[in-house]
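Subject: Structure for your files, with notes

Dear colleague,

Please find the structure below. My notes on it come after.

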Amino acid sequence: MTVDAAVTLADERVGIRVTGLAAGSTVTIRSETTDRNNITWRGTAVVHTDRTGVADLDAAPSTGGSYQGVDGMGLFWSMVPEGPDPDTSFLAPNRPELGPSEVRLTATAASGATATAVARRQWLGEGVTHRRVHTDELVADIYLPPAKGNVRRPVLIFGGSEGGSSQLWEAAQLASHGHPAMALAYFDAPGLPATLDRVPLEYFATALRHLAAQTGGGPASVIGYSRGSEAALLVGQHFPDLVRGVVVYAPSDVVHAGFPYDDRPAWTYRGKPVPQGPIPVDKISGGLLAIAGGDDQLWDSAGSARRLRERRPEFTILIYPRAGHVVGTYPHVPLGVATGHLRFGGTRADDQRARVDGWPRVLAMLAAP
């Protein structure tokens with residue numbers, strides 16, 4: 001068994017081939033990894049060799065195991081945890097700067113003969129550096145690509161109602177593709193509000209200015225997920241000199257109340273609560289890309305994406321009909337479709353398909369002049 005690259009970025013494909021078998025024979029290929037919570041995840045594909053005795057996962061359909069059909073990365077995203085319910089489990093990788101994860105692969109022929117290989121998946125490309133920022137003004141992680149490379153537009157990225165520093169891995173991937181990236185925490189982190197309650201939009205502007213100071217100035221793109229989409233749209237609207245291009249995943253086109261207390265405002269601007277209701281987008285520059293799942297069961301993110309385009313017809317929207325709230329970001333990782341009493345909608349397979357299609361489009365938008 002061979003993999004076409006021993007080490008790859010976590011958002012890149014890996015080619016897996018098994019050779020030396022009889023034509024038309026059955027081979028079972030298993031994947032295994034252990035996450036930072038010491039939970040073991042496993043995937044399985046049952047495939048048949050072609051007339052030359054080769055099983056190439058980019059061409060051979062899996063007829064059993066953790067995924068079905070032709071999917072060269074099925075052994076990665078379809079892994080399930082040992083014990084917990086896959087639909088309510090999300091693989092927890094190590095922090096990006098702690099090195100790559102190992103996915104161990106084993107192929108077993110009908111005769112019992114085995115072959116093994118290891119695929120190492122990393123979030124930090126060669127030369128990418130990391131710095132933690134924790135001051136009275138800011139809580140963030142900055143990932144910078146090598147200065148001598150093709151450095152692209154900076155990106156500020158943040159998550160939603162989960163709080164904390166939830167977008168470290170996305171920021172590390174963006175830096176590995178040439179974008180200086182800051183993963184920003186804006187509540188539920190030391191020194192920040194415990195809940196989504198009266199978060200100043202000026203806080204995001206401070207983050208953008210800090211990022212610009214690290215990268216030689218100029219505007220940055222902003223990526224916000226779920227409740228963070230409100231902040232991304234509002235920051236793009238109120239600080240157009242600092243923002244060029246906005247990406248929103250599972251978006252809302254309106255301002256909601258705070259979380260979890262619905263009698264408090266989520267955001268403030270110039271010391272006053274940002275009123276609930278439709279978010280104006282007439283001042284956003286550099287375009288907008290809204291990505292939503294048609295089966296989002298947390299809120300109508302697809303409807304929000306459509307309404308955003310109605311306000312600015314030049315905006316781009318991607319709606320994946322069978323995906324849910326977990327419609328983004330980078331692909332090839334096992335993710336659930338629910339947590340606790342919350343159902344996100346979609347399926348693990350449909351969310352994966354959305355990520356495979358959507359992530360390159362995000363990278364293309366960010367790389368555009």
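The notes cover the sheets, the helices, the aromatic rings and one serine.

The model is predicted: local features need pLDDT of at least 70, side-chain atom pairs count only at pLDDT 80 or more, and totals for chains, interfaces and linings use all residues. Residues are numbered from 1 along each chain as its sequence is written, and side-chain values use heavy atoms, with hydrogens and water left out.

The eight-stranded sheet

Helices (H or I, at least four residues) and strands (E, at least two) are DSSP runs, numbered from the N terminus. Two strands pair if DSSP finds at least two bridges between them. Eight strands make an open sheet of mixed pairing, ordered β10-β11-β13-β12-β15-β16-β21-β22. Its edges are β10 (129–134) and β22 (316–320), each of which pairs on one side only. From one strand to the next the twist averages 15 degrees; axes are lines fitted to C-alpha atoms, for helices over the stretch in contact, and angles run from 0 to 180 degrees between N-to-C directions.

Three of the pairings can be given in detail:

- β12 (residues 155–158) and β13 (residues 181–184) are parallel over three bridges, with L156 opposite M182 of β13.
- β16 and β21 are parallel over four bridges; V248 has A290 in β21 as its bridge partner.
- β21 and β22 are parallel over five bridges; G293 has Y320 in β22 as its bridge partner.

Strand β21 deserves a separate remark. Buried means under 20% relative accessible area, exposed over 50%, and partly exposed in between (1.4 Å probe, protein chains only). Six of the six residues of β21 are buried, so the strand is largely enclosed by the rest of the structure. Both of its faces are covered, with L288, A290 and A292 buried on one side and L289, I291 and G293 buried on the other.

Helix α5 (residues 301–311) lies across β16, β21 and β22, and runs at about 155 degrees to β21.

Helix α2 (residues 168–176) is largely enclosed by the rest of the structure, because nine of its nine residues are buried. Among them are W169, E170 and Q173. G178, which follows α2, has a positive phi, near 100 degrees.

The three-stranded sheet

A further open sheet has three strands in the order β14-β18-β19, again with mixed pairing. The edge strands, each pairing on one side only, are β14 (199–200) and β19 (272–273). β18 (residues 267–269) pairs with β19 in the antiparallel sense over two bridges, and T268 has P273 in β19 as its bridge partner.

Aromatic rings

Rings of Phe, Tyr and Trp (its six-membered ring) pair if their centres lie within 6.5 Å; planes under 30 degrees apart count as stacked, over 60 as edge-to-face and the rest as tilted. The structure has eleven aromatic pairs. The rings of F90 and F344 are an edge-to-face pair, because their centres are 6.3 Å apart and their planes are at 75 degrees. This pair joins distant parts of the chain, 254 residues apart: F90 is in the loop between β7 (80–81) and β8 (101–109), and F344 is in the loop between β24 (342–343) and α6 (348–367). F90 is partly exposed at 32% relative accessible area, whereas F344 is buried at 11%. Elsewhere, ring pairs link F158, Y186, F187, Y203, F204 and W267 into a cluster.

A charge sits over a ring if NZ of Lys or CZ of Arg is within 6 Å of the ring centre and within 35 degrees of the ring normal. The charged end of R121 sits over the ring of F76, 5.1 Å from its centre. R264 has its charged end over the ring of Y261, 4.4 Å from the centre.

S89

S89 is in the loop between β7 and β8 and is buried, with a relative accessible area of 9%. Its side chain reaches the backbone oxygen of D85 at 2.6 Å. This is a polar contact (a pair of N or O atoms within 3.5 Å; within protein, one must be able to donate a hydrogen and the other to accept it, and residues adjacent in sequence count only if both atoms are side-chain atoms). Leaving aside neighbours within four places in sequence, S89 is in contact with W41, P81, P84, L335 and G336.

Regards

Key: Contact = heavy atoms within 4.5 Å.
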